[in-house]
Amino acid sequence: MRLVERDQELTTLTDMVLRGSRGEGQVSLVVGGIGCGKTALLGEASLLAKEFGFEVRGAVGSLAERRVPGAVLGQLLRDTEATPEERAVLASSVVRSGHTGPDAVTRLGPSALDPEVLRVLQRLCGVVVEAARRTPLLLCIDDVQFMDELSVHWVLLLLRELPDAPLALVMSECTLSRTADPRLHAELRRRPEYRPLVLDRLSSDGVAEVLGSSSGPAGRAAVECHAVSGGNPLLVRALAEDGRHTAGTTPGPVVGDAFLDAVTGCLHRGWPALLRIAQALAILHEDRPVPHAVARLAEVEDTVLARGLRALDDAGLLADGRPRHPAVGTAALARCTGEERAVLHRRAAALLYEEGAPATGVARHLVAAGAVDEPWAVGQLREAAERHLAAGCPALARPCLEAALRHCRDGGERLHLKALLASATWVLDPTMGARHLVELADALRDGRLPDHHALMLAKYLLWHGRYDEAADAIERITRRDGGMTDPLAAAEARATRELLSVTYPGIVSRRAADISPTRSPAFAGDPRGRGAAALSDVLRHGPDRRAVAAAENAMRVMRLGKNTHEWLTCAVSALLFADHIAAAADWCDHWLAEACNRRVPLWIAEFSSLRAGIALRQGRPLEARRLAEEALAQVPAESWGVCIGGPLANLIQATTDLGDHEAAADHLEVPLPEGLFHSRFGLYYLHARGQYYLGTGQPQAALDDFANCGALMRDWGLDQPALLPWRSGAARAHLALGNTTGAHALAREQLALAGDGLTRVRGLSLRTLAAASRPSQRGALLRTAVAILEESGDRLQLAHALADLGAAHLRAGREASADTLRARAVELAEECGAPALARRLEDAGPVRTLRTGRPAPARGQVLELLSPAERRVVSLASDGLSNKAISERLGVTVSTVEQHLTRIFRKLGIRARGDLPRAAG
């Protein structure tokens, strides 16, 4: 096997062999980390010496034989003749010295050896030198750090005979937590024939060379492999072996059994202290351990720790003082029993607590330790859980609270811990948190539950449809409100009641929420309250710029966390229902990304469902379907409680818009929780189901759902078309049933409610009104609807309106413009991911775009596609005015002109200003 990056060392050993063959004795000590190739280098030296006619003898030091006198010497001289008397002298040398301990020879020192022992060792040195004079001799001793004392004495004596002998002595020493005999190092340093060699770990290029000979071409893989192995040749080859077993199916280096076995071998080759240090590092690896803590946990002296850390670093097992790869910690603890690991974690917890470490670090070890009897343990676990919850990490808080409950005996403290546990498990899976609700509700009735936990309990009870218990909780909170001493708690109580009054209006009365029928929102104070106030104000009174500003300002100062996520959904929803759809989408995307980074399932699910509703209002049913499915993947349907109405409604609406009525029917089969229709989520469900019935030719069933939806909204004081434009759906159902008068009245009523603030609802209302009006009136209504829907950003509804306008043009005999309108409607439907709508529009008649090469429609027919503002821009642009000149003439910004031109080009199917039709001023 060719050694990589060892050319300089091999050159030195070659020179040693040549000098030795000329009678110039040579000695070398090869020092390197565990697994860095010292044994392989000694093997290469042996092969080289044999080529030059040397006799080679080898020995290996062993930790297990370190206390056996002459263990290494016996391996070197196994073929050397020694008299029975000499063997007896060596075997009994320790006893005859007058000392019974294993280190007797060490304490005596070279000058104090028993004369008979010294004489035998000297004779054996002479025998070796004489043999070398006959045939040059290479002695190789591997792992001299484990060499027994008697053998050390013999080597020291041999070094004195070395200068004039045709002899080479090559030894290797592994850097460990304890070095080889210091007398050996001292003697070597004073010998002129000594050649020290230090083996470093491989570079990235060296790793690439090893991998190239083992598993094919290497490039980036070599860098990644070097990062995992630290350049330790033994570990590199283990990674190559693991990689061969996977056959390249996994990107990057594969850490498998071979690598784990190699690391285990490295850790168990050293002194016991080295393994204890590695185990301490593995236990403390998340705590950024300081040397003092590691030394205490490993139960070693500071000097031993320093050498041990250097040994682990030399072997490439550490990076910045911590295990380089998780496999290092796994290997260190592999032979520990469960109880042994628990003991280590208990000691680590106590150590960190004494050192004043953060409670999160102490708690991690308390959780891993299992049973803990320390009086401070419960407090540390609770503090850690509260910190994890505040940081938005409920998955880390949950085991802390469960461990605290196992050891807590105080009734009041246990109740507080259970409330925290319910809060932590809630955002992971609301079903898991439900099992604590009964005991918490009992505590609330008995007056034992603190106010801030009562707020949480009311929300959880409502989520699961336990309305009687929830009503009792809300009533108690209301009675306590005046007596709350904490202003933040009082503000949160008011915000919570206001939010519940518009989320569960069938249960939480306006009187209990203390909501004024006039517009007097609380847009100041705590940002959580501002978000709730903005949503309540928009739902009860319609869009308002102050509510929009309050919602955005609240989100600018809040961060996503345990106490803010529901208020953030309120603020985003306020923007959505105020018809600020683009802003709502941007904010929701931001919070959804944050939730994904935190990996909190409930947050991801709620923001995904909310974003799906926004996508529907943007005319993106395909995206809405994906987001709603993601919401249900994060939290299963059975865990949503009454809130399942949100994601289910989004799925039903999206699949209906996509024309996938079979999938929509499947979603309608999902069992509904009791009490759904006492919540705002029930409104969403009724409206979506009505749209499904309308799309599948069941107008009477659709009318029933739309009428029920409208009745609930009126009863609850939430009859705002921005929430749900139920009148449009009901009007369509009336039209299908032949009741044009009823449809016309509903469309006009919704148009009046929309006013000027709800762009999208106005567009929907005008389109519906056109369908219920006389044919002569439809064109004008639809042209206005198209312009408004273009501005609203709802591409799917715009496609419908364009198709309706095209049909009106066709009836009026304007086939060219009808063709253009239908072509654009088909294009929009395809962009929205609604192929069923696109096919339906294509089936209505031949569709040809302006890109087919046929003559363009007449000027008047083309201009009918444009809004009045767009016609003015066309008139000036066709006269050759620049965008800046147009902006100055019309009193608008250059950006507005550019946006107008973009829409004009898209509507007319042109790409350059020179293609613009001329229009009469």
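This is a predicted model: local features need pLDDT of at least 70, side-chain atom pairs count only at pLDDT 80 or more; totals for chains, interfaces and linings use all residues.
Colleague: What makes E2-E3-E4-E1-E5 an open sheet?

Modeller: The five strands stand in that order with parallel pairing. The edge strands are E2 (55-60) and E5 (194-199), and each of these pairs on one side only. On average, neighbouring strands of the sheet are turned by 15° against each other, direction ignored.

Colleague: How do you know that strand E1 and strand E4 pair?

Modeller: Two strands pair if at least two bridges are found between them. E1 (residues 26-32) and E4 (residues 167-174) have seven bridges, in the parallel sense, so they count as paired. Valine 31 has glutamate 173 in E4 as its bridge partner, and leucine 29 stands opposite methionine 171 in E4.

Colleague: Which bridges does E4 form with E3?

Modeller: E3 and E4 are joined by five bridges, again parallel. One partner pair is cysteine 140 and valine 170, the latter in E4.

Colleague: Why is E4 called mostly covered?

Modeller: Buried means under 20% relative accessible area, and eight of the eight residues of E4 are buried. Both faces are covered. Leu167, Leu169, Met171 and Glu173 are buried on one side, and Ala168, Val170, Ser172 and Cys174 on the other.

Colleague: Which helices lie across E4?

Modeller: Helix H1 (residues 7-21) lies across E1, E4 and E5, and runs at about 160° to E5. Helix H8 lies across E1, E3 and E4, running at about 140° to E4.

Colleague: What makes the contact between glutamate 149 and arginine 183 a salt bridge?

Modeller: The cut-off is a side-chain nitrogen of Lys or Arg within 4 Å of a carboxyl oxygen of Asp or Glu. Here the N to O distance is 3.1 Å, so the pair qualifies. Glutamate 149 is in helix H8 and arginine 183 in helix H9 (residues 182-189), 34 residues apart, and the pair links distant parts of the chain.

Colleague: Are those two residues buried or partly exposed?

Modeller: Glutamate 149 counts as buried because its relative accessibility is 15%, under the 20% limit. Arginine 183 has 22% and is therefore partly exposed.

Colleague: Which other salt bridge does arginine 183 form?

Modeller: Its side chain also meets that of aspartate 181, at 2.7 Å from N to O. Aspartate 181 is called buried because its relative accessible area is 13%.

Colleague: Where do arginine 398 and glutamate 402 lie?

Modeller: Both are in helix H21 (residues 394-407), four residues apart, which is about one turn of the helix.

Colleague: Why are arginine 398 and glutamate 402 called partly exposed?

Modeller: Partly exposed lies between the 20% limit for buried and the 50% limit for exposed. Arginine 398 has 24% and glutamate 402 has 25%, so both fall in that range.

Colleague: How many salt bridges are there by this rule?

Modeller: The count comes to 36. A network of salt bridges links Asp15, Arg19, Arg22, Glu24 and Arg195.

Colleague: Why remark on the phi of aspartate 143 and of glutamate 299?

Modeller: Most residues other than glycine have a negative phi. Aspartate 143 has a positive phi near 60°, and glutamate 299 has a positive phi of about 60°. Aspartate 143 is in the loop between strand E3 (137-142) and helix H8 (149-161). Glutamate 299 is in the loop between helix H15 (291-298) and helix H16 (302-314).

Colleague: How is the packing of helix H30 and helix H31 described?

Modeller: Two packed helices are described by the angle and the distance between their axes. The axes of H30 (residues 545-557) and H31 (residues 565-577) come within 9 Å and cross at roughly 145°. The crossing is left-handed. Val548, Ala551, Glu552 and Met555 in H30 meet Leu568, Ala571, Val572, Ala574 and Leu575 in H31. By class, the residues of this contact are eight nonpolar, no polar and one charged.

Notes. Residues are numbered from 1 along each chain as its sequence is written. Side-chain values use heavy atoms; hydrogens and water are left out. Helices (H or I, at least four residues) and strands (E, at least two) are DSSP runs, numbered from the N terminus. Axes are lines fitted to C-alpha atoms, for helices over the stretch in contact, and angles run from 0 to 180 degrees between N-to-C directions. A crossing is left-handed if the near helix is turned anticlockwise from the far one by less than a right angle, and right-handed if clockwise. Contact means heavy atoms within 4.5 Å. Ala, Val, Leu, Ile, Met, Phe, Trp, Tyr, Cys and Pro count as nonpolar, Asp, Glu, Lys and Arg as charged, and the others, Gly among them, as polar. Buried means under 20% relative accessible area, exposed over 50%, partly exposed in between (1.4 Å probe, protein chains only).
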